[in-house]
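Please keep the picture open while you read, and find each residue as it comes up.

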Amino acid sequence: MNYEIVNLEEKIVVGLTSKTGNTDPDCQKIIGGLWQDFMGKGILASLKNKANAYCVGLYSDYNFEDVTYDVTVGAEVFENGNPELSAKTIPAGKYAIFNVKGDVVTDVSNAWNEIWAIPLDRTYSADFEEYLSNENGVADINIYIALK
């Protein structure tokens, strides 16, 4: 799977957060539920100070003892104008960026499986999916992996 290295400025993501992990039998259900709530309950439309029109799936706060992480489904903002929602910071730094075009569930899942097999020098500070477009479940997505 091809990727390029980019340097990003710090970003703020506001949305809904839950804790899960790849070994959690409810992982896909939890993440899917966050997306359903974020999109279906009008949270995206109600966000203040959006930096762009993209949705973000952020993975942060990795805990290697219990193999969990926080998942935040939201959008990038200039500043948090929705204090009732979760706010997370994507640190400035070096990221590997992978572009995925296809089904928002199957192709994104397959891309993650390929990414995990690549020996990247990861920081595990914040990895995220940025959904550039989504037409009837077929999306153009950038996946960013934080690097040392």
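1. Let's start with a question: about how many helical turns separate tryptophan 112 and tryptophan 116 in helix 3? They are separated by about one helical turn, because they are four residues apart in that helix. Keep in mind throughout that this is a predicted model.

2. Stay with these two tryptophans for a moment. Their rings form a tilted aromatic pair, with 5.9 Å from centre to centre and 35° between the planes. Tryptophan 112 has a relative accessible area of 8%, so it is buried. Tryptophan 116, at 42% relative accessibility, counts as partly exposed. Both belong to an aromatic cluster that also includes Tyr59, Tyr62, Phe64, Tyr69 and Tyr124.

3. Eight strands make up an open sheet with antiparallel pairing, in the order 1-6-8-7-3-4-2-5. At the edges are strand 1 (4-8) and strand 5 (86-90), each of which pairs on one side only. From one strand to the next, the twist averages 35°.

4. Threonine 17 stands opposite threonine 72 of strand 4. Helix 1 (residues 27-40) packs on the sheet, where it touches strand 2, strand 3 (50-63), strand 4 and strand 7 (126-135). Helix 3 (residues 106-116) lies across strand 3, strand 6 (93-103), strand 7 and strand 8 (138-147), and runs at about 140° to strand 6.

5. Next, look inside. The largest nonpolar core has 31 residues, and Ile143 and Ile145 have the most contacts within it. Among the elements that each supply at least two of its residues are helix 1, helix 3 and strand 8. Apart from this core lies another, of twelve residues, including Val6 and Tyr144. In soluble globular proteins, nonpolar side chains tend to be buried together.

6. Here is one to check yourself: is lysine 11 buried or exposed? Lysine 11 counts as buried, because its relative accessibility is 17% and the cut-off for buried is under 20%. This lysine is found in strand 2. Leaving aside neighbours within four places in sequence, its contacts include Glu76, Lys88 and Phe128.

7. Finally, another aromatic pair. The ring centres of tyrosine 95 and phenylalanine 128 are 6.0 Å apart and the planes are at 70°, so this pair is edge-to-face. Tyrosine 95 is in strand 6 and phenylalanine 128 in strand 7, so the pair ties together parts 33 residues apart in sequence. Both residues are buried.

Terms used
Residues are numbered from 1 along each chain as its sequence is written. This is a predicted model: local features need pLDDT of at least 70, side-chain atom pairs count only at pLDDT 80 or more; totals for chains, interfaces and linings use all residues. Side-chain values use heavy atoms; hydrogens and water are left out. Two strands pair if DSSP finds at least two bridges between them. Axes are lines fitted to C-alpha atoms, for helices over the stretch in contact, and angles run from 0 to 180 degrees between N-to-C directions. Contact means heavy atoms within 4.5 Å. A nonpolar core is a set of buried Ala, Val, Leu, Ile, Met, Phe, Trp, Tyr and Cys residues joined through side-chain atoms within 4.5 Å. Buried means under 20% relative accessible area, exposed over 50%, partly exposed in between (1.4 Å probe, protein chains only). Rings of Phe, Tyr and Trp (its six-membered ring) pair if their centres lie within 6.5 Å; planes under 30 degrees apart count as stacked, over 60 as edge-to-face and the rest as tilted.
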